[in-house]
Amino acid sequence: MPTPKQMERMEAEAVRKLASGMTGAESADMPPEYWDAVLSDPSAGARPSGGVPLQQRRLSEIPRHVLRVSCRRCDRVVEIQTADAIRLAGPHAVWKDVGMRLLGDGCPQRTGSRDDDGCWPNFETP
């Protein structure tokens, strides 16, 4: 990830190139064959399944009947039906927040550190 200063430099360079009238092909660092290969790749326009990861979706957007979250430390598994989760938290609640609340009783595996104690959620596909 570039630093803010590097990003400012890149932005200034892009503005300079735009002002000088250079086209995208002239200002590209890669040869045109590279871009032809990238754009002709059949998976170039493909999005990951659903676009947004399951744990970041709202409950009303999840098509699954059963939702499952488990703890990576204690292997506790909690399953809930989507309809029950909607009744519990509302249709606009994010699944990650609801899953964390379901695991919120605390993990029996204690480290002694207040920051590390608690379950480490793993949002699984049933």
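**Exercise 1. The surroundings of S70**

Find which residues S70 is in contact with, once its neighbours within four places in sequence are left aside.

Solution. Contact here means that heavy atoms lie within 4.5 Å, and, with the neighbours within four places in sequence left aside, S70 is in contact with R76, V77, L103, W120, P121, N122 and E124. Before going on, note that this is a predicted model, in which local features need pLDDT of at least 70 and side-chain atom pairs count only at pLDDT 80 or more, while totals for chains, interfaces and linings use all residues. Residues are numbered from 1 along each chain as its sequence is written, and side-chain values use heavy atoms, with hydrogens and water left out. Finally, take one of the contacts, W120: S70 and W120 are 50 residues apart in sequence, yet their C-alpha atoms are 8.0 Å apart in space.

**Exercise 2. The order of helices and strands**

Work out how many helices and strands the chain has, and which pattern they follow along the sequence.

Solution. Counting gives five helices and three strands, and reading along the sequence gives the pattern α-α-α-β-β-α-α-β. To see how the chain folds back on itself, consider the contacts with a separation of 6 or more, of which 60% are accounted for by residues 24 or more positions apart. Of the 126 residues in the chain, 21% count as buried.

**Exercise 3. The largest nonpolar core**

Identify which residues have the most contacts inside the largest nonpolar core, and how many residues that core has.

Solution. A nonpolar core is a set of buried Ala, Val, Leu, Ile, Met, Phe, Trp, Tyr and Cys residues joined through side-chain atoms within 4.5 Å. The largest one has 16 residues, and L59, I62, L67, V69 and W95 are those with the most contacts inside it. At least two residues of this core are supplied by each of β1 (66-71), β2 (77-81) and α5, and the largest share, three residues, comes from β1. Now look at L67 by itself: leaving aside its neighbours within four places in sequence, its contacts include L59, I62, V78, I80 and W95. As background, nonpolar side chains tend to be buried together in soluble globular proteins.

**Exercise 4. The aromatic pair**

Determine how many aromatic pairs a search of the whole structure finds, and explain why the pair ties together parts that are apart in sequence.

Solution. Rings of Phe, Tyr and Trp (its six-membered ring) pair if their centres lie within 6.5 Å, and planes under 30 degrees apart count as stacked, over 60 as edge-to-face and the rest as tilted. The search finds one pair. Its partners are W95 and F123, 5.8 Å centre to centre with 75 degrees between the planes, which is edge-to-face. Because W95 lies in helix α5 (residues 95-102) and F123 in strand β3 (residues 121-124), the pair ties together parts that are 28 residues apart in sequence. Both W95 and F123 are buried.

**Exercise 5. The salt bridges**

Solution. One joins the side chains of R68 and E79 (2.6 Å, N to O). This pair links distant parts of the chain, with R68 in strand β1 and E79 in strand β2, eleven residues apart. E79 has 45% relative accessibility and so counts as partly exposed. D84, at 32% relative accessibility, counts as partly exposed, while R87, at 63%, counts as exposed.

Methods:
Helix = DSSP H or I, 4+ residues; strand = E, 2+ residues; numbered from the N terminus. Buried < 20%, exposed > 50% of the residue type's maximum accessible area, 1.4 Å probe, protein only. Salt bridge = Lys/Arg side-chain N within 4 Å of Asp/Glu carboxyl O.
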